[in-house]
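Trainee: I'd like to learn how to read a few features of a model. Please take me through them one at a time.

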Amino acid sequence: MKNVLVIYYFQSGQLETIARYIAAPFLNSENINVVFYEIKMEVPFPFPWDKDSFLGAFPESFLQITRPIKPVPEDIL
């Protein structure tokens, strides 16, 4: 049995659907176990973004300052 881990992050909810379409060929296989994991932020980004939050994220992005995410569950590591 082979394992496939699909990791995704989204704000609007659309990316999970896309990830499931991409993984669809593996979902019906008896030899492949597919696990989906959504990355979750400790402090979520606002959605929809307001102007100040959107423009305020650019300096951190440019400087590659990361924001903390919630720990990955032990059962998928």
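**Reading the features**

Mentor: Let's start with Q64, an exposed residue with a relative accessible area of 68%. Exposed means over 50%, buried under 20%, and partly exposed in between, using a 1.4 Å probe and protein chains only. The model is predicted, so local features need pLDDT of at least 70 and side-chain atom pairs 80 or more, while totals for chains, interfaces and linings use all residues. Residues are numbered from 1 along each chain as its sequence is written, and side-chain values use heavy atoms, without hydrogens or water.

Trainee: Where is Q64 found, and what is its phi near?

Mentor: Most residues other than glycine have a negative phi, and most peptide bonds are trans. Q64, in the segment after α2, has a positive phi near 60 degrees. Helices (H or I, at least four residues) and strands (E, at least two) are DSSP runs numbered from the N terminus.

Trainee: Which residues does a cis peptide bond join?

Mentor: F47 and P48, with omega at about -5 degrees. P48 is in the loop that runs between β2 (32-38) and α2 (51-62).

Trainee: How many aromatic pairs does the structure hold?

Mentor: Three. Rings of Phe, Tyr and Trp (its six-membered ring) pair when their centres lie within 6.5 Å; planes under 30 degrees apart are stacked, over 60 edge-to-face, and the rest tilted. Y8 and F10 make a stacked pair, at 5.8 Å centre to centre with 10 degrees between the planes. Y8 is buried, at 7% relative accessible area.

W49 and F54 pair edge-to-face: 5.8 Å between centres, 85 degrees between planes. W49 is partly exposed at 28%, and F54 is also partly exposed, at 41%.

Trainee: Which ring does the charged end of R20 sit over?

Mentor: That of F36, 3.9 Å from the ring centre. The test is NZ of Lys or CZ of Arg within 6 Å of the ring centre and within 35 degrees of the ring normal.

Trainee: Now M1: is it buried or exposed?

Mentor: M1 is exposed, with a relative accessible area of 71%, and it lies in the segment before β1 (2-8). Setting aside neighbours within four places in sequence, M1 contacts E30, N31, I32 and N33, where contact means heavy atoms within 4.5 Å. V43 is 42 residues from M1 in sequence and 36 Å from M1 in space, C-alpha to C-alpha.
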